[in-house]
Amino acid sequence: MSPSSPEPRLPLLRSLETGRIHSAYLLSGPGGAPRETALWFVRALVCERGEAGPCEACAPCRRSARGEEIPLDGSGKKGPLFRHVGDHPDLLWVERGQDDTRVRIGQIRAVQGAFRLRGSEGGRRAAVIADAEWLNQEAQNALLRLLEEPPPRTSLVLVATSSAGLLATVRSRCQRVAFPTDTTRALLGPDASDEQRALASRLEELPRRDLTDLLDCAESYRGPRAIEASAVTEFLGAASAWLRQRVAEEAEAGEGDLRRELDAFDTLKA
């Protein structure tokens, strides 16, 4: 599947066209576009004619076509630690297990073990580390060792809603591809859903609510950790976009002191 927006994929297209493939990439941004782009890119890496993306006609493309996505388990007890893209043996996919709040070190070690083996197809190999912002400290350190000494003709593609949670040493070893956010437009635009409008309304009301109301708001995010972690990430991303829009509007209107809003934005990013 092609990425939904052409701009972020331009550096990846240049890599494909020139054949200068890096050992690591970091795709960051909201929504599903970074994941879809990561899938598109690794499939192009093994395509026989992949200068502009997967051709969808050659044998590697047919093997890497999306099929049933087997649920993962970070402990390896109820499911695999990683899965293949389609049934292509040289394309690996890692993400949080169904009930996990983190991508675990065992999953990264499993990728390391798979990469020690000789590639089945004799060409390029790649692994997508989705949910990269949820790599725990041990997993990031294991990943760092893989980034420092990557196997030949092998690429790692990290996907994260935000790269802020990744170690600086991990980020510095990746080619960065950032996806713009349209969260603000979705929240405030005429095509916003009822759910998006409710979220925008909640953000508008927060400064006027007392401590009890704020605690009640926080309580609404209590539940299964894996589910609520994603909900909190979505809420913080929406809040950042909403606040960014407010700062832009006030600056355009000639408002004077924006330090409070900018401090709040820094806090949200942290």
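Modeller: In strand β5, L158 is the bridge partner of L26. Helices (H or I, at least four residues) and strands (E, at least two) are DSSP runs, numbered from the N terminus. Residues are numbered from 1 along each chain as its sequence is written, and side-chain values use heavy atoms, with hydrogens and water left out. The model is predicted: local features need pLDDT of at least 70 and side-chain atom pairs count only at pLDDT 80 or more, while totals for chains, interfaces and linings use all residues.

Strand β1 (residues 24–28) runs parallel to β5, joined by five bridges; two strands pair if DSSP finds at least two bridges between them. Strand β4 (residues 125–129) also pairs with β5 in the parallel sense, over five bridges. Here I129 stands opposite L158.

Strand β5 covers residues 154–160, and seven of its seven residues are buried (under 20% relative accessible area; exposed is over 50%, partly exposed in between; 1.4 Å probe, protein chains only). T154, L156, L158 and A160 lie on one side, with S155, V157 and V159 on the other.

β4, helix α5 (residues 137–148) and β5 form a right-handed β-α-β unit: with the strands pointing away from the viewer, the path from the first strand over the helix to the second runs clockwise.

Now the loops. Most residues other than glycine have a negative phi. D131, between β4 and α5, has a positive phi of about 60° and is buried at 11% relative accessible area. R153, between α5 and β5, has a positive phi of about 55° and is partly exposed at 47%.
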